[in-house]
Amino acid sequence: MKYYPGFNKFDLFDDFFSDATTKTANVLKTDIHEKDGYYVLSMEAPGVKKEDIQIELKDGYLKVTASRNSSKEDKDEKGRIIRQERYSGSSSRSFYVGEGIKQEDVKANFDNGELIISIPTETKKVEEETKFIPIL
């Protein structure tokens, strides 16, 4: 790649990602800690509504997806649009939680832009009944 005098490729990269697109990079910042036999995932989801969050458990992976769509417009006194903003974005995170975790084991709560998910550290062991095989 040829560079021109006064051209810094890293400044261009920083400028490219310094506008509104960086707002999605901050979505779903996650803090994980262990408490009382559970892993607690605390995820920031600013500007996201509860109904725009999906949590899926499949093949031992927990996938959290948050989407955000917003529109804002300013009008003058005659009702003509002066300025219009639209934002649409989606973020997702995946975590391996183990094959033994079931959907009913995962608890989730969303309040004030923070999603808190609790996952047991160990799966509940179901004791098998002893079954005798009849001899023919």
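In which loop does N112 lie?

Analyst: The model under discussion is a predicted one. N112 lies in the loop between β6 and β7, the latter strand covering residues 114-120. The backbone of N112 has a phi near 55°, a positive value in a residue other than glycine.

D36, which is not a glycine, has a positive phi of about 50°. D36 is found in the loop between β1 and β2, where β2 spans residues 38-44. Its relative accessible area is 69%, so D36 is exposed.

A patch of negative charge on the surface gathers D31, E44, D111 and E114. Strand β6 comprises residues 107-111, and strand β7 comprises residues 114-120. D31 is found in strand β1, which runs over residues 29-35. The relative accessibility of D31 is 46%, and so this residue counts as partly exposed.

Apart from its neighbours within four places in sequence, D105 is in contact with G100, S118 and P120.

Strand β5 itself holds F95. F95 counts as buried because its relative accessibility is 12%, under the 20% limit. Setting aside residues up to four places away in sequence, F95 touches T30, I32, L41, M43, G60, Y61 and L62. The C-alpha atom of F95 is also separated by 6.5 Å from that of K63, although the two residues are 32 apart along the chain.

Side chains of opposite charge can pair when their charged atoms come close. Three salt bridges are held in the structure. In one of them, D74 and R83 meet with an N to O distance of 2.5 Å. D74 is partly exposed because its relative accessible area is 29%, and R83 is likewise partly exposed at 35%. Another salt bridge joins D76 to R80, with the closest N and O atoms 3.1 Å apart. E73 forms a salt bridge with K75, where the closest N and O atoms are 3.5 Å apart. The relative accessibility of E73 is 34%, so E73 counts as partly exposed; K75, at 49%, also counts as partly exposed.

Of the 136 residues in the chain, 21% are buried. Among contacts with a separation of 6 or more, 51% come from residues 24 or more positions apart. The accessible surface of the chain comes to about 11500 Å², and carbon and sulfur atoms account for 49% of that area.

How values were computed. Residues numbered from 1 in each chain as written. Predicted model: local features only at pLDDT ≥ 70, side-chain atom pairs only at ≥ 80, totals over all residues. Heavy atoms only, no water. Patch = residues over 30% accessible without salt bridge, like charges linked within 9 Å, V, L, I, M, F, W, Y side chains within 5 Å. Areas by Shrake-Rupley, 256 points an atom, 1.4 Å probe, with all protein chains shown as cover. Salt bridge = Lys/Arg side-chain N within 4 Å of Asp/Glu carboxyl O. Lys, Arg positive; Asp, Glu negative; His and termini not counted. Charge placed at Lys NZ, Arg CZ, Asp CG, Glu CD. Helix = DSSP H or I, 4+ residues; strand = E, 2+ residues; numbered from the N terminus. Buried < 20%, exposed > 50% of the residue type's maximum accessible area, 1.4 Å probe, protein only. Contact = heavy atoms within 4.5 Å.
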